[in-house]
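Have the viewer open and follow along.

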Amino acid sequence: TAMEGEIFDNKGVVDKYLGDGVMAAFGLPDTSEVDVASAVRCARGMLERTRQLSKQRKDAGEQDYRISIGLHVGHVVAGNVGSERNLSFTVIGDTVNTAARLESLSREYDAAIVVSQDIVDAVRDEMGEKADTLLADFENIGAAKVKGRAESVEVWVLRDRGESLAAIRGA
């Protein structure tokens with residue numbers, strides 16, 4: 001519910017729940033001038049909300065937890081997929097697969113958020129000088145081999161160091 005709230009608050013849509021995860025899309029059904037920035041803002045908000053919830057659990061003597069997020073931008077196929085008996089709206093394509101593969105790299109890079117260079121470039125295009133605030137603390141770690149892609153993907157990571165996002169909210 002908390003993650004869903006962050007998605008909706010940042011103009012995203014929940015595509016589906018995947019076990020203990022959630023897949024979201026931005027720019028659907030209508031695009032805006034800041035869809036990619038909204039996705040990054042959402043990811044940072046999800047991270048902050050997870051920190052709060054995890055601390056509450058830890059304070060109550062329960063197991064704390066972390067999340068990992070992967071973001072990529074590009075064209076997708078969006079629409080109803082399935083059969084007459086099992087039809088659902090979804091997004092599919094290389095962009096979706098790449099985002100999922102970036103999320104899986106989070107463990108290798110000890111990062112909470114893993115994004116492609118395409119995300120960084122798009123945020124800079126959308127926000128101009130204000131992009132630096134939203135992209136603060138992301139580190140470029142270079143090209144990474146991503147399963148299912150012939151070419152490497154330039155990767156940026158945000159490690160979860162527990163910083164507050166108060167300054168990011170205004171970006």
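A quick word on terms: helices here are DSSP runs of H or I with at least four residues, strands are runs of E with at least two, and both are numbered from the N terminus. Counted that way, the chain has seven helices and eight strands. Keep in mind that this is a predicted model.

How compact is the chain? Its radius of gyration is 16 Å, close to the 16 Å that the globule rule gives for 171 residues, so the chain is as compact as a globular protein of that length. The C-alpha trace spans about 50 × 35 × 30 Å along its principal axes. Of the 171 residues, 40% are buried. Among contacts with a separation of 6 or more, 60% are between residues 24 or more positions apart. The exposed surface comes to about 9900 Å², with carbon and sulfur atoms supplying 49% of it.

Now for the sheet. Four strands make up an open, mixed sheet, in the order β3-β6-β8-β7. The edge positions go to β3 (69-71) and β7 (139-144); each has a single partner strand, so one side of each is left without a neighbour in the sheet. On average, neighbouring strands are turned by 25° against each other, direction ignored. β3 and β6 (residues 113-116) run parallel and are joined by three bridges, with Ile 69 finding its bridge partner in Ile 113 of β6.

| Helix | Residues | Strands touched | Angle to the direction of β3 |
|---|---|---|---|
| α2 | 35-59 | β3, β6 and β8 | about 175° |
| α3 | 94-104 | β3, β6 and β8 | about 140° |

What about the interior? In soluble globular proteins, nonpolar side chains tend to be buried together. Here the largest nonpolar core has 25 residues, and those with the most contacts inside it include Val 40, Leu 71, Ile 113 and Phe 138. At least two residues of this core come from each of α1 (2-9), α2, β3, β6, α5 (117-127), α6 (131-134) and β8. Which element gives the largest share of this core? That's α2, with seven residues.

Leaving aside residues up to four places away in sequence, Val 40 touches Leu 71, Ile 119, Val 123, Leu 134 and Phe 138.

Conventions
Residues numbered from 1 in each chain as written. Predicted model: local features only at pLDDT ≥ 70, side-chain atom pairs only at ≥ 80, totals over all residues. Heavy atoms only, no water. Pairing = 2+ DSSP bridges. Axes fitted to C-alpha atoms, helices over the stretch in contact; angles between N-to-C directions. Contact = heavy atoms within 4.5 Å. Rg over C-alpha atoms; globule rule 2.2 N^0.38 Å. Buried < 20%, exposed > 50% of the residue type's maximum accessible area, 1.4 Å probe, protein only. Areas by Shrake-Rupley, 256 points an atom, 1.4 Å probe, with all protein chains shown as cover. Core = buried A, V, L, I, M, F, W, Y, C linked by side-chain atoms within 4.5 Å.
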